[in-house]
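Visitor: Could you take me on a close look at a single part of this protein? I would like to follow one residue and see what surrounds it.

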Amino acid sequence: MTQPTKSNRKLLIMLIAGSIGMFGFGFALVPLYDVLCDTLGINGKTQNSASSYEAVVVDKSRTVTIEFVTQVQSDMPWEFSPKVNQISVHPGELTHAQFLVKNLSAHDTVGQAIPSVSPGQGAAYFNKTECFCFNQQPLAASATAELPLIFYVDPDLPASINTLTLSYTLYDITDKQTIVVEQGAAK
């Protein structure tokens, strides 16, 4: 009977070690993903705060097409679209764009837009000086609003990139806002 006990103990130790290893690997996935995306240039994350615009020499010899794509979380009762689907800009030129939202529900809601730029290599050259994505967007029942975006494309954008696609996904964060308000009032 000693043999099965040693065998069971060895198996138990291997299972515990494997579980600890998988748990550690799960925590390492996010930093590994970020490093991999940065290395391969496939991560289209944009900055989360406003860039300051300093007058630069506008490259009038070059035109970059900016495409706007919008989507709404599947259970969010909003319509969300760009006023224009694409525009042509000169690198270094400060440009204004507008996005339209409409709350289709009978109650007030709060949205948060998450941006991304593709190709990912172009994200570092797309600078927002003002963006609705920096703030949460409360919208009354059945209300509409125009959301501003002011940006410029850095003149150092690689010549191989002629089109940047700015994509926004709008999420309903109304429930999260209610929880925060309730917790704040309880304190």
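**A look into the core**

Guide: Let's begin with the largest nonpolar core, which has 29 residues, and among those with the most contacts inside it are Phe68, Phe99, Leu149 and Tyr168. Such a core is a set of buried Ala, Val, Leu, Ile, Met, Phe, Trp, Tyr and Cys residues joined through side-chain atoms within 4.5 Å; buried means under 20% relative accessible area with a 1.4 Å probe, protein chains only. Elements giving two or more residues to this core include E2, E4, E6 and E8. Strands here are DSSP runs of E, at least two residues long, numbered from the N terminus.

Please keep in mind that this is a predicted model: local features need pLDDT of at least 70, side-chain atom pairs count only at pLDDT 80 or more, and totals for chains, interfaces and linings use all residues. Residues are numbered from 1 along each chain as its sequence is written, and side-chain values use heavy atoms, leaving out hydrogens and water.

Now to Leu149. This residue lies in E8, opposite Cys131. E8 (residues 144-153) and E6 pair in the antiparallel sense over five bridges; two strands pair if DSSP finds at least two bridges between them.

Stepping back, E8 belongs to an open, antiparallel sheet of four strands in the order E2-E4-E8-E6. Its edge strands, E2 and E6, each pair on one side only.

Notes. Buried < 20%, exposed > 50% of the residue type's maximum accessible area, 1.4 Å probe, protein only.
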